[in-house]
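Below are my notes on the model, as numbered points. Please read them with the structure open.

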Amino acid sequence: MKKILTIFVAAICCMNAWAEDFSWDGIYYRILSETNKEVEVTFLGDSYNDHREYSGTVNIPEKAYYYGYYRVTSIGKNAFAGCTSLKSVTIPNSVTSIANTAFTGCTGLSSVTIGNGVMQIGNSLFKDCSSLTSVTIPNSVTSIGEYAFWNCTSLQSITIPNSVMTIGNNAFLCCTRLTSVSIGNGVTSIGNSVFEDCSSLTSVTIPNGVTCIEYETFMGCTSLKLITIPSSIKSIENKAFNRCGLTSVTIPNSVTSIGDEVFRGCTSLRSVTVGDSVTSIGKDAFTGCSSLTSVVWNAKNMSNFALTDDYYYDLPPFHSICIQITSFTFGEAVKRIPAYLCYEMSNLKSVTIPNSVKSIENRAFESCSSLKSVTIGNSVTTIGVGAFSNCRSLTSIEIPNSVTEIGGYAFFMCYGLTSITIPNSVKSIENRAFEACSSLKSVTIGNSVTSIGNSAFYWCSALTSVEIPNSVKMIREDAFGKCSRITSLTIGNSVEEIGNRAFCCEGLQQ
């Protein structure tokens, strides 16, 4: 009797060993749990390539029979991968899990019905399913994995339900026929390059729960003309909208940083509004935006831009397209105009600096060669180094009484400037501040100025008379050098130091 029992138990164990995988109605399964009677769809058959024979329509049942019924609860890794003749699949409600790459490379797959038990669309799940035109994502799904629909070149629209919270990196990369996307309000994270090179995408709404537009998210979306960036967004990362078809962009007040090359190559972009919380803009952010003509600037405390040693690589954000910009408007809450902001905007003709601005930083408007009119608000205290240098069309400017410092080179080579009044509030005129203002005919120096810097009025060849007030103690080297037409000069009685060639003026010598 004992011998018979031993043989029976051995037989059962042997049966369990080979019964882990089986097929039923042409689908291969693997037993997950004998106790719970659960199986998953697997890629294993009599040989490794058997799963590639799936073709036409496959309806996965809720139950599969193998010496009793088993509940189908999952689809395993690579279960249908490479089944190029598979046309459509129906996944039942009993399935709660679909493993990564389950349908990768099913190039003939055109439609998928996913049951409402599935909780995740895994990594590369439908990667390279180039015939897939439609898929309905059920409300049970909470996440879409990386590369989930990568290169689904026939997919035209997708609705992401409110249940989804995250969309993984590259999820819809290279879906070149995708025209519209509806993203549910539950989404809080959209990964890198999610819609990169979706060249037919015309509309997408970013839900309010998303706080960051990641690296290359919409890069290459050449048909995307308009996008609303919600007020939940805090940062826009590198190349997020690179090479998009956008015509206008409003960056909301919630955004604090804009990365490198964000709008680079957006050749249709005509207008940009920058929100008031932006404090940093990366290099080449607007490079190649050849149609950009209008900028509204609301950034209150933007950090200074700076040219590096690699001059042609690291330039201010608007530099490469500034030749097209004709309108640059400052918001009423702006506190400072950062260095190089409008550098070399050669078509900019007029600027109004609001009363809220405290400082105009170094070289902010340098080489704006068409700039004719500048209105400076009455709260500005500092005009930085080279702030209006080489603004050759500037004929007049009123410096308000709030200004205490005029930096070196501030109006250097402003050839059209004919007169200037330096208010009583100014303490010093720095080196070369008005050098080579060759049309400057009259200068009024306020009675609080204590020093006139090196070459401050050098080569102001149209000057005929100069009156230096009693407050001035130091007149530096070449201060009025090469002012060949000065015939009248009055120097206050407080001057303690006069530098070399300070008044090298031919008219006085005569």
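1. In strand 8, Ile98 is the bridge partner of Ile75. Strand 8 (residues 97-98) and strand 6 run parallel and are joined by two bridges. Strands here are DSSP runs of E with at least two residues, numbered from the N terminus, and two strands pair if DSSP finds at least two bridges between them.

2. On provenance: this is a predicted model, in which local features need pLDDT of at least 70 and side-chain atom pairs count only at pLDDT 80 or more, while totals for chains, interfaces and linings use all residues. Residues are numbered from 1 along each chain as its sequence is written, and side-chain values use heavy atoms, with hydrogens and water left out.

3. Strand 6 also pairs with strand 3 (residues 38-41), in parallel, through four bridges. Glu40 stands opposite Ser74 of strand 6. With strand 5 (residues 63-65) the pairing is antiparallel, over three bridges, and Tyr65 has Tyr69 in strand 6 as its bridge partner. Three residues separate the strands in this hairpin, where Tyr67 takes a positive phi near 50°.

4. Why is strand 6 described as largely enclosed by the rest of the structure? Five of the seven residues of strand 6 (residues 69-75) are buried, so the description holds. Buried means under 20% relative accessible area (1.4 Å probe, protein chains only).

5. Thr42 belongs to the loop between strand 3 and strand 4 (56-59). Thr42 counts as buried because its relative accessibility is 2%. Leaving aside neighbours within four places in sequence, its contacts (heavy atoms within 4.5 Å) are Tyr28, Tyr29, Arg30, Tyr54 and Ala79.

6. The largest nonpolar core has 160 residues, of which Phe103, Phe149, Phe172 and Phe388 touch the most other members. Strand 2 (residues 27-33) gives the most to this core, with four residues. A nonpolar core is a set of buried Ala, Val, Leu, Ile, Met, Phe, Trp, Tyr and Cys residues joined through side-chain atoms within 4.5 Å. Beyond four places in sequence, Phe172 is in contact with residues including Phe149, Leu155, Val194, Glu196 and Cys198.

7. Two backbone angles deserve a look. Glu261, not a glycine, has a positive phi of about 55°; Glu261 sits in the loop between strand 21 (257-258) and strand 22 (271-274) and is buried at 15% relative accessibility. Ala436 also has a positive phi, near 65°. Ala436 lies in the loop between strand 33 (428-429) and strand 34 (442-445), and is buried with a relative accessible area of 15%.

Conventions: Buried means under 20% relative accessible area, exposed over 50%, partly exposed in between (1.4 Å probe, protein chains only).
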